[in-house]
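I am opening a notebook on this structure and will write down what I look up, one entry at a time. The sequence and the model come first, and my entries follow.

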Amino acid sequence: MLWRNRTFLLLMTGEIVAGAGMWISIIANLQFMQSLIPSETVKALILMSGLVVSILLSPKAGVVIDMYDKGKVMMLASLVRCLSPVFMFPAIAYDSILWMIVSLIFMQCSAAFYFPTVQASLPAILDKDELLKANSVYLNISTLSRIGGTALGGVLVVSMNLQMLYVCSIVAYAVLALVTLFLRIPQVTSRRMKEKVEFREVLTITRKDPALMVGLINNGLITLFLGGLNLMILNFSEIHQEPQLMGWIYAFEGVSILIGSLLAKRWIGQNNLVAASTLMLVFFAFSQYGMSVADNKMMVLGSFAVFGFVVAFFFPVISTIFQKRLPAHQQGRFFSFKSMLDRSFFLVALGITGAGLDLLGVSGYLLFIGSLTMLFAIVTFFYSKKHKLDVRANDEAAA
């Protein structure tokens, strides 16, 4: 049973603690930059600096995850994460952006190892029939930690100085490191295999498996939209001249994710996961079309609720496809590769969304991205039919 699995419960506990600490740090970082940097573009470039380093580090991270004990990898990554807030103390003392960049680099270096390891660990500690449910729970926990972390950070930022906020983050990360000490994850890579582990193998595997290609394409398209989501939400707030609208949008999206995650396993059941991921692109497109009616507040909120609900189904389904199709000893490299792609898409999304909003406006850009999503849904549907792709939650993984 999923909820009787001690290691899984420890992983989810760590996710709650780490997520809360991370969002407190993010809010503190934004507050720190607010008085020092007037340009939003410069702020974005600074925040992107850590992402670039993590992208470069991802190939090495994937090899390490597959070669060594995953529990120890997570523990060391957690200890490195503890250092990230520490570097903000000299940043505050000297009003130094350089020290903040060092802090961001340590944070993203830790993330490059930690999060792919969590995803690669689930098939090793759970029955294959439980993966879809476990991925839904993981998304739910991540959403709860985001909602709780931003709410807690928002309260603390007005009641504490920045130094105390970073102390709270250090405490959270230290608790996470302590939790990882008790993880027991089966080792799947033999000594002999360690000598042959190379990151480029994952590229060969991905090209040969159409199901992985469809999953990465669908995931990349939605990640491309998510990367610029905050810019669009800011535009909605400006259109209606209501700063509080941003909070309502995040609330509608977050609650919908929580509700959808509870239903994902039940509704998808024995259905083909590849076909389900393609169908969800259609609903994503409808939600984007709804968002394009930007001057109607209820339409915008309703569309974000639909978007959040579909997100709750989409990402667990995609993760389950990857976990089912890949052998255990290659999952660390694959999820590091996926993380590298996700972070690259986020960087590209910032530029595309900014240019799209400037050239087309928020409504025009959403109509464009919605049509693109619908086009990819049609293409991947026929591609899946042509290759007879069928991955189900209760099938054995295709090694």
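**Helix 3 against helix 5**

I began with how two of the helices cross, and I note that the crossing of helix 3 and helix 5 is left-handed. This is a predicted model, so I keep to what its coordinates give. Looking up the geometry of this pair, I found that helix 3, residues 70–86, packs on helix 5 at an angle of about 155 degrees, the two axes being 8 Å apart. Angles over 145 degrees count as roughly antiparallel, and helix 3 is therefore roughly antiparallel to helix 5. I then listed the residues in contact: helix 3 contributes, among others, Val-73, Met-74, Ala-77, Val-80 and Leu-83, while those of helix 5 include Phe-106, Met-107, Phe-113, Tyr-114 and Val-118.

**Helix 5 against helix 15**

Next I asked at what angle helix 5 and helix 15 pack. For helix 5 (residues 97–125) and helix 15 (residues 331–387) I noted an angle of about 130 degrees, with 8 Å between their axes. Helix 5 and helix 15 are therefore oblique to each other, and I recorded their crossing as right-handed. On the helix 5 side I wrote down Gln-108, Ala-111, Ala-112, Pro-116, Gln-119, Ala-120 and Pro-123, which meet Gln-331, Gly-332, Phe-335, Ser-336, Ser-339 and Arg-343 of helix 15.

**Helix 1 and its cap**

I turned to helix 1, which has 31 residues, 6–36, and which reaches 45 Å from its first C-alpha to its last, close to the 45 Å expected at 1.5 Å a residue. Which residue caps the N-terminal end of helix 1? I found Asn-5 there, with a side-chain oxygen 3.2 Å from the backbone nitrogen of Thr-7.

**Two positive phi values**

I looked up Asp-95, which sits in the loop between helix 4 (88–94) and helix 5, and found its phi near 50 degrees, a positive value in a residue other than glycine. Lys-388, in the segment after helix 15, also has a positive phi, near 50 degrees, and is likewise not a glycine.

**Confidence**

Lastly I checked the pLDDT, which averages 84 over the protein chain, with 93% of the residues scoring at least 70. Over residues 190–195 the pLDDT is below 50, and this stretch has six contacts in the model beyond near neighbours in sequence. Where pLDDT is low, predicted coordinates should not be read in detail.

Note on methods:
Residues numbered from 1 in each chain as written. Predicted model: local features only at pLDDT ≥ 70, side-chain atom pairs only at ≥ 80, totals over all residues. Heavy atoms only, no water. pLDDT = per-residue confidence, 0-100. Contact = heavy atoms within 4.5 Å. Helix = DSSP H or I, 4+ residues; strand = E, 2+ residues; numbered from the N terminus. Expected span 1.5 Å × (residues − 1). Polar contact = N/O pair within 3.5 Å; in protein donor to acceptor, adjacent residues only side chain to side chain. Axes fitted to C-alpha atoms, helices over the stretch in contact; angles between N-to-C directions. Parallel < 35°, antiparallel > 145°, perpendicular 65-115°, else oblique. Left-handed = near helix turned anticlockwise from the far one by under 90°.
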